[in-house]
Amino acid sequence: MYRYPIYIVGGMTQSGSTKVYASLLYYLKKYKNPNTLGFHDGDLPWPICIFDKIDEWPGNPADITNFLKYLNTAPIVIKSHDCWETCRTQFLLPYMDCVRFIFLGCLRDPRDALCSWARKSGHDLDDPEAVNSFLRKQADFQLKWDIKFIDRQALVLREECQWKQYLQPSNCTVVYEDYQENNNAFAKMIYKIGNLSDNKTEKITQKISDDIIKFFNVDLLEMAKTNKNEFLLTSAHITNGGQIGGYKEFLTTENSNKVKEQYIGHLEDMKEFYNSHHMPVRHLFTPGNEE
């Protein structure tokens, strides 16, 4: 078993996941282990492809095993909204028998997420096809970060990879509305998550809390202006001050209710599908057979 965990931060887009990723990485590097590494999924050092046969993957399995060896030195934090399909992070998941994973799924009112997406991308909220596609994607992200879904997918991997053990991951749901206007609660949450792997039970000190708050309220925003920082936040992420209920400025009551109904409908449809089928998990190879 590797000494340190892999944290994966994802969930819905426009849900504060970059703030969670950056704050957690900051805390871990400063207070737990200065060698902690952070990655965006797209920066992981192996290729991504969609394939039906394992031998079609164009990468080198040693890239992943060498990557995992770093977990004997320090934790790794990865931001990846979808860690099961069409991403590089998926190729790490067959190692749930020897790596502790900590999943942080970020959620937000889909109406605020939709309006944030429209401001950021320039998409028209009057385009029903684009709106429906966005809402369906967010519903899919929400379901994929549920611990029951994760455990169910692990059963598929356990059989295919012939695990002798399974290190059940930790799963934390980060609700945007619970933390956006409560800095102390957010700092406390980051502290708690950062100490999950060593079961530390001491309460956060005011000094550490103030430091984390200063980081995401001041330092991180200053870094975002340069669009070049290891914490991934850029000026494009900040579209409306992150206010809760901002959708009321852009959606009529009728449209707001319609968006909510659409989102709930997608959740119900996908939940039914995932309850009836194992979503295919594309894994790279059986761990232990890298040669």
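A charge sits over a ring if NZ of Lys or CZ of Arg is within 6 Å of the ring centre and within 35 degrees of the ring normal. The views below come from a predicted model.

**View A. Lys19 over the ring of Phe216.** Lys19 lies over the face of this ring. The distance to the ring centre is 4.4 Å.

**View B. Arg108 over the ring of Tyr176.** Here the charged end belongs to Arg108. Its distance from the centre of the Tyr176 ring is 4.1 Å.

**View C. The stacked pair of Tyr26 and Phe215.** The model holds 14 aromatic pairs. In one of them, Tyr26 and Phe215 stack at 4.2 Å centre to centre, with 10 degrees between the planes. The pair links distant parts of the chain, 189 residues apart. Tyr26 belongs to helix 1 (residues 17–32). Phe215 belongs to helix 8 (residues 206–224). Both Tyr26 and Phe215 are buried.

**View D. The edge-to-face pair of Tyr179 and Phe186.** The ring centres of Tyr179 and Phe186 are 6.1 Å apart. Tyr179 has a relative accessible area of 18%, so it counts as buried under the 20% cut-off. Phe186 has a relative accessible area of 3%, so it is buried too.

**View E. An aromatic cluster of Trp84, Phe149, Phe273 and Tyr274.** These four residues form one cluster.

Key:
Residues are numbered from 1 along each chain as its sequence is written. This is a predicted model: local features need pLDDT of at least 70, side-chain atom pairs count only at pLDDT 80 or more; totals for chains, interfaces and linings use all residues. Side-chain values use heavy atoms; hydrogens and water are left out. Rings of Phe, Tyr and Trp (its six-membered ring) pair if their centres lie within 6.5 Å; planes under 30 degrees apart count as stacked, over 60 as edge-to-face and the rest as tilted. Helices (H or I, at least four residues) and strands (E, at least two) are DSSP runs, numbered from the N terminus. Buried means under 20% relative accessible area, exposed over 50%, partly exposed in between (1.4 Å probe, protein chains only).
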